[in-house]
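Dear colleague,

Please find below the structure that I am handing over to you. My notes on it follow, and I would ask you to read them with the model open.

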Amino acid sequence: MSETIRTISNYAQTLLSPEYDITEIKATLRIIFEECQGWSFTQQVINYDQQLPSESVKRIKDILKRLSMGEPLQYIFGYELFMGLKLKVDTSTLIPRPETEELVQRVAKTDKSSVTILDIGTGSGAIAIALAKKIERAKVTACDISKEALGIAQQNAESHNVEIKFIEADILNWENYRFEQYNIIVSNPPYITESEKQEMERRVLEHEPHSALFVPDTNPLLFYRRIAQFGTKHLENGGELWFEINRAYGKECCNMLQEIGYCKIELYKDNFNNDRIVRAKWMR
């Protein structure tokens, strides 16, 4: 039997319907055919009933089978696009999200000709690399507790020709490490509470690193508080702290920062109208 985009699409909808809705399946198929056949969406429409090479069919069906078992497409392909940058990802790193692009866009508007930046919990290096690309003459440092994630981040930095200093460190015990002073500290730390697991998709729970996702129900601001305390020692006078946050804890995060001594605290919503980004200034 000859296989075409039409027949593969019908097969995919049957196979993936328990895991994805129809809109996701169609969008995912577009990406798969572009990756495997090199066809744009327009070319896919034109070639909708054209017979596909047997090797392409085998690869596509293998991908669809892995998707049906909950494996994220980004891990299957080994990369994700972030701010237009192709970044290597694997199970040691979170998959960069669109909300984090909004964080980078806001930080990148910083009006400074020369700036030192620390990205805490860098994962794939998405934030650090994007900021190094966007802010001219920025001196960027990135840290993470995972040696494996730092290895991926280093590869991504090299592939995009940016110089970033990487530090392996547990930010919850930051006093045990040597850091410099920074104009900007930015972080997308673990912020999903354990009780929120039941609302999450299998593809996230079974594949993305839990250490980069979850915090105890009893201490949802764990990382924010420790990073804020770190900032009181390692932010330059007038420096800024930027967070991506759990939408449920925007006000709590802002109150915590005020208690520690930060000023000019701002809470921004993301494109889905959820509280998502916090900005605060440190004045000595």
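A polar contact is taken here as a pair of N or O atoms within 3.5 Å; within protein, one atom must be able to donate a hydrogen and the other to accept it, and residues adjacent in sequence count only if both atoms are side-chain atoms. The model is a predicted one, in which local features need pLDDT of at least 70 and side-chain atom pairs count only at pLDDT 80 or more, while totals for chains, interfaces and linings use all residues. Residues are numbered from 1 along each chain as its sequence is written, and side-chain values use heavy atoms, with hydrogens and water left out.

Helix H8

Helices (H or I, at least four residues) and strands (E, at least two) are DSSP runs, numbered from the N terminus. Helix H8 covers residues 147–159, 13 residues in total, and spans 19 Å from its first C-alpha to its last. This is close to the 18 Å expected at 1.5 Å a residue, where the expected span is 1.5 Å times one less than the number of residues. At the start of H8, the backbone nitrogen of Glu-148 has a side-chain oxygen of Ser-146 within 3.4 Å.

For burial, the terms are buried (under 20% relative accessible area), exposed (over 50%) and partly exposed (in between), with a 1.4 Å probe and protein chains only. In H8, the buried residues are Ala-149, Leu-150, Ile-152, Ala-153, Asn-156 and Ala-157. They lie on the same side of H8, because they cover an arc of only 160° around the axis; the arc is that of the directions from the helix axis to the C-beta atoms. The face turned away from this buried side carries the exposed residues Lys-147, Glu-148, Glu-158 and Ser-159. Among the elements that cover the buried residues of H8 are strand S2 (85–88), helix H7 (126–134), strand S4 (139–144) and strand S5 (164–168).

Most residues other than glycine have a negative phi. Asn-161 lies in the loop between H8 and S5 and is exposed, with a relative accessible area of 71%. Arg-137 also has a positive phi, near 65°. Arg-137 sits in the loop between H7 and S4 and counts as exposed at 54% relative accessibility.

Contact means heavy atoms within 4.5 Å. Gln-37 belongs to helix H2 and is buried, with a relative accessible area of 19%. Leaving aside neighbours within four places in sequence, Gln-37 is in contact with Ile-32, Leu-52, Pro-53 and Ser-56. Tyr-11, in helix H1, is partly exposed at 34% relative accessibility. Not counting residues up to four places away in sequence, Tyr-11 touches Lys-61 and Leu-64. The C-alpha atoms of Tyr-11 and Ala-138 are separated by 49 Å, and these residues are 127 apart along the chain.

The second largest pocket

The second largest pocket has a volume of about 220 Å³. Helix H1 (5–16), helix H2 (22–37) and helix H3 (41–46) each supply at least two residues of its lining. H2 gives the largest share, 4 residues. Residues lining this pocket include Ile-5, Arg-30, Phe-41 and Tyr-48. A pocket is an open set of points on a 1 Å grid over the protein atoms alone, where a 1.4 Å probe fits, with protein on both sides within 12 Å along at least five of seven lines; lining residues have an atom within 4 Å of a point. Grid points are joined across faces, edges and corners, and a volume is the space filled by probe spheres set on the points.

With kind regards
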